[in-house]
Amino acid sequence: PYLQNNKVVNWAKQHGIHITSYMTLAYGKALKDETIQTIAKKHNATPAQIILAWAMNEGYSVIPSSTKRENLASNLLSVNIKLDSEDKQAIAKLDCHDRLVSPEGLAPHWD
């Protein structure tokens, strides 16, 4: 939610290219976000479930990782969450172009 890359996403969609969301949980940083936590409480869900549900609702593939089996199982439940338009709008506003991984050559100046 912190790096939504709308320009790239729109271009990819226009060209039939599927998007995989990378670092969707922002190394756990997004799990602490007040907006995400509020939406999670509303849906009786975890912040991770909300973020994953949002990304999948946007049409992205997600590859969440965890070293804890219970977190992996919990993440799978995100497919059952139905975010409303208010939730989606609130998450869309979290875009702050926060690129967490940017090794030379990995992230060209396309966004």
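These are my notebook entries on a predicted protein model.

**Ground rules**

I number residues from 1 along each chain as its sequence is written.

**Overall layout**

I started with the elements and found 5 helices and 2 strands. Helices (H or I, at least four residues) and strands (E, at least two) are DSSP runs, numbered from the N terminus. Read from the N terminus, the order is α-β-α-α-β-α-α.

Next I looked up burial: 36% of the 111 residues are buried. Buried means under 20% relative accessible area, exposed over 50%, and partly exposed in between (1.4 Å probe, protein chains only). The accessible surface comes to about 7,500 Å², and carbon and sulfur atoms hold 53% of that. Such areas come from the Shrake-Rupley method with a 1.4 Å probe; for residues, only the protein chains shown count as cover.

I also looked at contacts, meaning heavy atoms within 4.5 Å. Of the contacts with a separation of 6 or more, 72% join residues 24 or more positions apart.

**Helices α2 and α3**

How do the axes of α2 and α3 cross? I found that the axes of α2 (residues 34-42) and α3 (residues 47-57) come within 8 Å and cross at roughly 95°. That makes α2 roughly perpendicular to α3. For my own reference, axes are lines fitted to C-alpha atoms, for helices over the stretch in contact, and angles run from 0 to 180 degrees between N-to-C directions. Angles under 35 degrees count as roughly parallel, over 145 as roughly antiparallel, 65 to 115 as roughly perpendicular and the rest as oblique.

I then listed who meets whom: I36, Q37, I39 and A40 from α2 meet P47, I50 and I51 from α3. This set divides into 6 nonpolar, 1 polar and no charged residues. Here Ala, Val, Leu, Ile, Met, Phe, Trp, Tyr, Cys and Pro count as nonpolar, Asp, Glu, Lys and Arg as charged, and the others, Gly among them, as polar.

**W54 and its partner**

I stayed in helix α3 to visit W54. W54 is buried, at 5% relative accessible area. Leaving out residues up to four places away in sequence, W54 touches P1, Q4, L83 and I91.

N5, in the segment before α1 (6-14), has a positive phi near 45°. N44, in the loop between α2 and α3, has a positive phi near 50°. Is each buried or exposed? N5 is buried at 18%, whereas N44 is exposed at 75%.

Last, I checked S74 in helix α4 (residues 69-76). S74 counts as buried at 18% relative accessibility. Beyond residues up to four places away in sequence, S74 touches T46 and Q49.

Technical notes:
Predicted model: local features only at pLDDT ≥ 70, side-chain atom pairs only at ≥ 80, totals over all residues. Heavy atoms only, no water.
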